[in-house]
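Dear colleague,

Please find below the structure that I am handing over to you.

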Amino acid sequence: MNTRSTPVDRAHADKRLAALLRQAPLEFARAVYGINDYAGGRTDTMAAREVVRAQRQGMPLTEERAEQRARAYLPTVGQEHCPRCWVVYGQKTPLRFREADEERPETAACHACGAEYATSPD
């Protein structure tokens, strides 16, 4: 049986998941901007570079596929994964969380793509 070694604050975990779920549509929009930038010859934008990187990895990015993944993004407590990696590359890259302090809110960072998301309203 799989048990957790640390207790989970369910309310905090739910807020964290809600914050991450709000990011998937934003990553979809970012992917569409990248597809359009790349198609328009503007390959120097960050979003267009993500499209090129996905193609190099053998995952051609289409608007339909990105939308499908954005709708299917569903992290679970203890298995939170990066919305950008999921929408653009179809990979479930685990997020690393950094606790909130007096200067910045709690954040989740992805080591693969470099995305960082605020997961608390503070």
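This is a predicted model: local features need pLDDT of at least 70, side-chain atom pairs count only at pLDDT 80 or more; totals for chains, interfaces and linings use all residues.

Overall dimensions and surface

The C-alpha trace spans about 50 × 40 × 20 Å along its principal axes. Of the 122 residues in the chain, 39% are buried. The accessible surface amounts to about 7700 Å², and carbon and sulfur atoms account for 50% of that area. As to charge, there are 18 positive and 17 negative side chains, and the centres of these two sets are 6 Å apart. Where contacts join residues at least 6 apart in sequence, 46% of them link residues at least 24 apart.

In soluble globular proteins, nonpolar side chains tend to be buried together. In the present chain, the largest nonpolar core comprises 24 residues, and Leu 61 and Cys 82 have the most contacts inside it. At least two residues of this core come from each of helix H2 (23-39), helix H3 (46-56), helix H4 (63-72), helix H5 (83-89) and strand E2 (107-110). Beyond the residues up to four places away in sequence, Leu 61 touches Ala 31, Ile 35, Val 51, Ala 66, Arg 69, Val 87 and Val 88.

Arg 16 belongs to helix H1 (residues 10-21). Its relative accessible area is 13%; because the cut-off for a buried residue is under 20%, Arg 16 counts as buried. Which residues does Arg 16 contact, leaving aside its neighbours within four places in sequence? They are Glu 80, Phe 97, Glu 99, Glu 106 and Thr 119.

His 81 lies in the loop between H4 and H5. With a relative accessibility of 4%, His 81 is likewise buried. Apart from neighbours within four places in sequence, the contacts of His 81 are Tyr 73, Leu 74, Pro 75, Trp 86, Lys 92, Thr 93, Pro 94 and Leu 95.

With kind regards

Note on methods:
Residues are numbered from 1 along each chain as its sequence is written. Side-chain values use heavy atoms; hydrogens and water are left out. Buried means under 20% relative accessible area, exposed over 50%, partly exposed in between (1.4 Å probe, protein chains only). Contact means heavy atoms within 4.5 Å. Accessible areas come from the Shrake-Rupley method with a 1.4 Å probe; for residues, only the protein chains shown count as cover. Lys and Arg count as positive and Asp and Glu as negative; His and the chain ends are not counted. The place of a charge is taken as NZ of Lys, CZ of Arg, CG of Asp or CD of Glu. A nonpolar core is a set of buried Ala, Val, Leu, Ile, Met, Phe, Trp, Tyr and Cys residues joined through side-chain atoms within 4.5 Å. Helices (H or I, at least four residues) and strands (E, at least two) are DSSP runs, numbered from the N terminus.
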